[in-house]
Amino acid sequence: MQLPEHGANPHNLYATLGIEQPIRLLDFSENVNPAGPPDSITKMWPSLRDLLTAYPNPKGEPFLSAAADYHGISTDYLFAGNGAAELLALLAERYRAKRAIVVHPTFFEYEATLLAKGVEIVRVIASESDGFKLPLEAILEAMTSASVLYLCTPNNPTGIMPERTDLNVIIRHGAEVGCEVVLDEAFIDFVDESLSFIAELKKNPHVIVVRSMTKMYAIPGIRLGYIAANPSVIRGIKALAPHWNVNGLAAQIGAVCLQEEQYREQAIQYSNREREKMTRFLIDNACNVTNSVTNFISFTLSSSRDSNKLYKDMLTRGIVLRHSQNFRGMDGRWLRIGMKNDASMNILKEELLQWFAEN
Ligand SMILES: Cc1ncc(COP(=O)(O)O)c(C=O)c1O
């Protein structure tokens with residue numbers, strides 16, 4: 001069964017599998033903030049119309065300066081892109097025909113973008129039996145002969161945030177052996193901004209941080225993200241990007257989103273609360289759950305139950321979970337749940353309870 005490579009777009013999933021789509025459809029396979037975009041975006045909506053008729057600012061202003069203020073750094077350290085996905089594709093060119101380490105299970109796009117540039121991939125697999133903890137020794141060893149290490153912090157699909165002490169050891173080692181470190185902080189907004197490595201970039205010119213505006217601000221359709229890195233890295237990425245790569249609406253929306261401190265705080269609290277409730281529910285029903293700190297979790301069933309059957313049965317009931325067939329080290333045995341609103345979480349629990357009773 002060939003499943004789509006990413007979550008979201010459930011209509012596509014049903015069409016691919018030839019399953020009739022139920023009228024009630026709840027999509028837990030994507031993991032954007034269930035609160036929806038901040039109210040300020042809805043209010044400013046009519047004013048965005050005027051931006052349609054003007055070419056956007058080529059640097060992605062006013063977003064770029066807003067991001068610089070948010071992180072307390074200069075705009076020389078930042079480059080805005082059409083979503084983190086575009087930035088990962090641009091970044092991969094930096095490692096063309098070199099060697100990169102990818103620590104699995106993790107986000108599919110690292111390998112996809114690197115392989116497209118002829119990069120040799122060294123795979124380090126975090127072990128399921130060790131709770132998918134970072135395999136530190138294996139990573140340090142692989143770094144001695146690689147140009148770059150990609151890490152997702154916190155990691156998609158496990159939601160696990162590597163220990164800061166481990167990250168510090170890895171980053172110090174990278175400086176010693178000449179291995180750059182790319183940190184994908186797409187989900188760090190749901191954890192704690194003070195854990196971001198952006199504040200450490202001046203001292204660590206070999207570290208590159210990728211950020212997405214999609215997840216926290218629930219704006220996947222507008223496409224906006226940024227890279228934070230040493231100015232020479234930024235200049236290299238900028239040279240590869242098309243002119244006007246960030247549209248004017250995205251640049252305006254992103255600048256407003258970054259001012260939304262209270263919205264962010266509420267989202268973190270909500271995500272923590274729902275994740276903890278769902279984790280408890282799954283553990284109470286004999287599941288194994290990742291130690292996530294963000295707005296999604298992954299879980300697997302006890303050995304007597306079949307995750308593939310659960311996945312398909314849930315689709316027929318209009319519940320879309322994220323499969324793990326293309327997450328190396330999970331290989332279909334795990335399923336990921338993005339936190340949604342209260343009502344949806346309750347329906348999910350009811351449907352799961354029924355399935356557990358029948359299987
Ligand atoms: C870990 C991670 N990084 C980056 C991205 C891409 O985000 P964007 O929507 O900004 O392209 C995703 C999207 O799912 C993701 O899960």
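How many nonpolar, polar and charged residues does the lining of the second largest pocket have, by class? There are 12 nonpolar, seven polar and three charged residues in that lining. Here Ala, Val, Leu, Ile, Met, Phe, Trp, Tyr, Cys and Pro count as nonpolar, Asp, Glu, Lys and Arg as charged, and the others, Gly among them, as polar.

Before going on: this is a predicted model, where local features need pLDDT of at least 70, side-chain atom pairs count only at pLDDT 80 or more, and totals for chains, interfaces and linings use all residues. Residues are numbered from 1 along each chain as its sequence is written, and side-chain values use heavy atoms, with hydrogens and water left out.

Back to the pocket. Its space is about 350 Å³. Of its 22 lining residues, the closest to the centre are Phe-132, Leu-134, Ile-160, Met-161 and Pro-162. A pocket is an open set of points on a 1 Å grid over the protein atoms alone, where a 1.4 Å probe fits, with protein on both sides within 12 Å along at least five of seven lines; lining residues have an atom within 4 Å of a point. The volume is the space filled by probe spheres set on the points, which are joined across faces, edges and corners.

Now the ligand. For polar contacts (pairs of N or O atoms within 3.5 Å), the side chain of Asp-184 has an N or O atom 2.6 Å from a ligand nitrogen. The side chain of Ser-212 has one 2.7 Å from a ligand oxygen.

Key. Polar contact = N/O pair within 3.5 Å; in protein donor to acceptor, adjacent residues only side chain to side chain.
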